[in-house]
Amino acid sequence: MIEVSAFDSRSWHRLITLIAPGMASRAPHESQRRAESRGGLLLLAFEGDEILHAIHSHRGAVTLGAWNGPLGLEKLASDEQSAFVIAISHGALGNLLDRWGARIDPTASRAEAWLLLLEAIREDIEAKKLHVWPALLGESLPRPTEAVLSAVANLVLPRDRSAFVALTHPDGSLDTFAALVRSRDDSLQLLGPECLYSAIPGASLRGQLSASKIGSWLRQAHAPPHWGLMASYELVHGLLRAGEDGAWARSIAAGEVVVEPMPPFVRAAVGTSAVRGAFSTARVMTGGIFERFSPWIESAIQRAGALSTLESLLGFDPTAFIGTILRRSSDSPATDDLDD
Amino acid sequence: MVHLSSIAPERWEPALLALAALGFDSVDIPLIWAEHALQTAELDFDSPRLSLKAMASAARAAKLPVRLRLGPRPVQHLEARGLPSWIVKDEGCLARNVRRGAMIEPQGLAIYPHPSLFSQQYRACVSAWIRGASLAIRQAFRPDELLAVVVGDGTTPFMRGDWISQDHRAPESERGAPEAKTLGGYLVDLATTARSVLGSEYSVELSTTSESDSSVFAALGETFSLHYCSPFSSAGARALWSSVHASTARAKLGAHVDVQCGSPVWGRPLRNRDAVETARCVLAAGAQSITVTMACAGAGWIGGLLDEHGVVRSACKRWHDLFGDVENVLPANRPEIAHPGARLEGLGFAPLARGWLARYDLLAHPEEAALASDSLVRSTEGYPLLQRAVGSGVLVQNDTDRVMQVSDSEGHWRAPREPLEPGKFCILQAK
């Protein structure tokens with residue numbers, strides 16, 4: 001399990017809604033405004049050519065007409081103004097949970113249990129009992145193994161190392177913060193901003209915090225930092241949603257985003273992204289000349305980054321995947337008081 | 001609600017004193033079965049972090065009466081919701097799905113099996129826990145220090161609302177009357193066990209969910225005070241109002257509603273401003289009292305009024321303001337309730353002015369059946385007695401034969417011009 005501590009409600013909310021805006025907290029009286037907004041998830045159950053039940057994440061239960069198969073999902077999404085649609089054959093969800101429960105070995109690892117769920121979902125997708133729109137990941141993507149997940153974990157955060165994200169307000173004071181510490185025995189600890197305030201004098205004040213100060217504190221108090229990121233909340237919010245190649249690389253080069261330390265996997269990812277960005281720019285500037293070489297160049301870029309990036313391990317680029325989802329997602333509430 | 005065993009014992013008293021200073025008038029303490037019976041069924045109520053006597057002493061010092069929640073699964077954020085690991089590993093205690101596999105409940109990255117209410121083994125283990133805990137409570141708390149002992153699981157399972165009916169544990173291997181194999185029968189079993197040990201000096205209450213079978217809980221509501229977990233704030237004002245109103249109508253001896261402050265690690269995060277608005281809405285809908293869960297962060301809970309060391313966070317200001325709002329409206333004809341404070345014990349009124357109701361979009365649709373079977377907001381038109389008493393204005397009523405309050409069209413509380421029928425109406429006025 002992950003042990004989480006030192007977050008107040010506000011800093012936790014800011015951190016989570018950065019990557020999951022749909023999870024944003026809302027007051028009871030805001031539900032109507034939410035219902036009228038675009039986006040959200042439409043979840044429906046179908047049987048034969050009929051849609052039995054449908055729930056919209058913004059509007060609750062909705063009544064829909066006939067089930068026109070997976071090809072009709074895009075139109076349904078458009079009609080209901082939803083960003084995502086999941087359609088499940090009647091009874092398939094219970095069946096899915098039952099299959100999952102029957103396969104789980106209580107002595108097996110947590111990762112294995114979740115991979116079994118992934119396998120059960122894939123079976124339902126192949127059996128046309130479960131349809132997802134839009135298809136964010138290719139259907140040919142292989143199911144990751146425990147070894148792959150372990151390699152990803154070791155790449156992102158090896159044992160006895162820490163990583164942190166410090167996001168600031170426009171005036172430079174700390175907005176939210178999280179440090180993940182992986183111990184020698186593989187347990188995880190997620191620390192919030194309250195531990196910074198007590199550890200680093202003046203941490204809450206404008207301009208008093210730096211990536212190197214946070215790194216030193218982590219090294220002394222917990223574990224040496226493997227990587228750290230410090231930038232303004234708004235900039236990271238924008239970069240996560242930017243579909244543009246090289247956006248991260250440019251911000252890092254301009255010093256707007258500080259990555260310190262920068263481990264090889266981040267350097268490789270940023271380098272690949274920068275090359276892709278430069279290639280895109282050159283393609284626009286030179287007209288069709290680059291087009292002849294583009295498959296070769298793309299292949300070379302992929303080979304350059306293949307040795308040590310998450311993309312090479314997982315088979316997809318997780319930042320691009322998150323970006324695709326975030327661009328389709330509605331945004332979290334703008335209001336933010338320190339008492340939140 | 002403060003999960004005292006999650007903070008250092010030397011911080012218990014300062015934490016409870018801080019809550020009392022904020023305006024809380026009692027404290028709910030969940031006793032977690034998994035903590036008191038870590039390895040085996042043998043119960044520990046004496047270790048420093050688990051000492052009931054030390055808990056009683058801290059509450060006594062803060063002058064806060066106590067409610068103790070025994071569950072067996074009293075909270076949602078702990079591993080297996082507080083069940084000991086030796087229970088969730090025991091095949092004889094677990095529910096079975098149609099494929100004879102485990103009925104599982106994901107909690108973040110972890111996965112836990114559901115216990116089976118059809119399993120006599122599980123029911124016997126739960127009874128032993130309730131009996132042992134009740135005995136220790138009797139030794140640690142005087143009856144006047146304890147508001148109630150609460151039994152029952154107050155939170156809804158994450159994925160399967162109706163997990164009891166989907167439990168396929170073979171009934172032929174179990175004995176017992178069919179009606180005992182329901183949630184209602186299970187709760188009555190728990191309460192009977194607790195009462196048999198605690199005796200009549202101590203009060204026993206039930207904790208459940210508002211979504212549970214209403215006919216069962218209407219019957220239970222005749223005998224017990226009921227605790228409900230309020231729907232999440234994003235469900236909207238109408239859903240909250242409707243749920244709480246249905247709960248209060250069912251609980252003849254009182255409905256207490258749990259309002260979340262903060263969130264479990266893997267749950268939807270909740271800002272303090274939204275938590276307080278939810279509390280306002282729940283009080284308006286007629287909850288007899290609210291319990292703020294979890295007041296103290298730690299052990300898988302994020303946010304909270306107090307941090308992991310029991311120190312007050314700045315967000316408490318919003319709650320303090322709410323208590324201030326509530327205290328500004330005192331019942332004119334119920335002098336016995338001098339200081340309702342945060343808990344509103346026995347008060348049962350709605351401290352909402354018309355402006356607030358309009359904000360919740362409740363004034364525009366008083367006739368909607370979704371709100372309740374009896375309308376909640378009416379004009380005094382058609383109520384000559386009330387009209388004479390308060391003039392034209394807006395009447396907010398919790399229940400047709402219980403409690404009412406009146407505000408004028410500007411949202412100000414009005415004193416009645418003449419006494420109303422005693423025992424039928426309770427008119428509230430500005431202090």
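Start with the cavities: this predicted model has two of 30 Å³ or more. Go to the second largest cavity, which has a volume of about 40 Å³.

Colour the lining by residue class: five residues are nonpolar, one is polar and three are charged.

Next, turn to the interface between the chains. Select the residues in contact, 41 from chain A and 46 from chain B. The size of an interface is often given as the accessible area lost when the parts come together. Between chain A and chain B, the buried area is about 3,700 Å², with carbon and sulfur atoms giving 56% of that area.

Now look for charged pairs. Chain A and chain B share one salt bridge. To find that bridge, select E194(A) and R313(B), whose closest N and O atoms are 2.7 Å apart.

Finally, hide chain B and view the side of chain A that touches chain B. Show β1 (2-5), α1 (9-19), α4 (92-103) and α5 (110-126) of chain A, the elements that each supply two or more residues to this side. Within that set, pick α4(A), which provides the largest share, eight residues. Coloured by class, this side of chain A shows 19 nonpolar, eleven polar and eleven charged residues.

Methods:
Residues are numbered from 1 along each chain as its sequence is written. Chains are lettered from A and ligands numbered from 1 in the order in which they are written. This is a predicted model: local features need pLDDT of at least 70, side-chain atom pairs count only at pLDDT 80 or more; totals for chains, interfaces and linings use all residues. Side-chain values use heavy atoms; hydrogens and water are left out. On a 1 Å grid over the protein atoms alone, a cavity is a set of points where a 1.4 Å probe fits but cannot get out, and a pocket is an open set with protein on both sides within 12 Å along at least five of seven lines; lining residues have an atom within 4 Å of a point. Grid points are joined across faces, edges and corners, and a volume is the space filled by probe spheres set on the points. Ala, Val, Leu, Ile, Met, Phe, Trp, Tyr, Cys and Pro count as nonpolar, Asp, Glu, Lys and Arg as charged, and the others, Gly among them, as polar. Contact means heavy atoms within 4.5 Å. Buried area is the accessible area (1.4 Å probe) that two parts lose on being put together, summed over both. A salt bridge is a side-chain nitrogen of Lys or Arg within 4 Å of a carboxyl oxygen of Asp or Glu. Helices (H or I, at least four residues) and strands (E, at least two) are DSSP runs, numbered from the N terminus.
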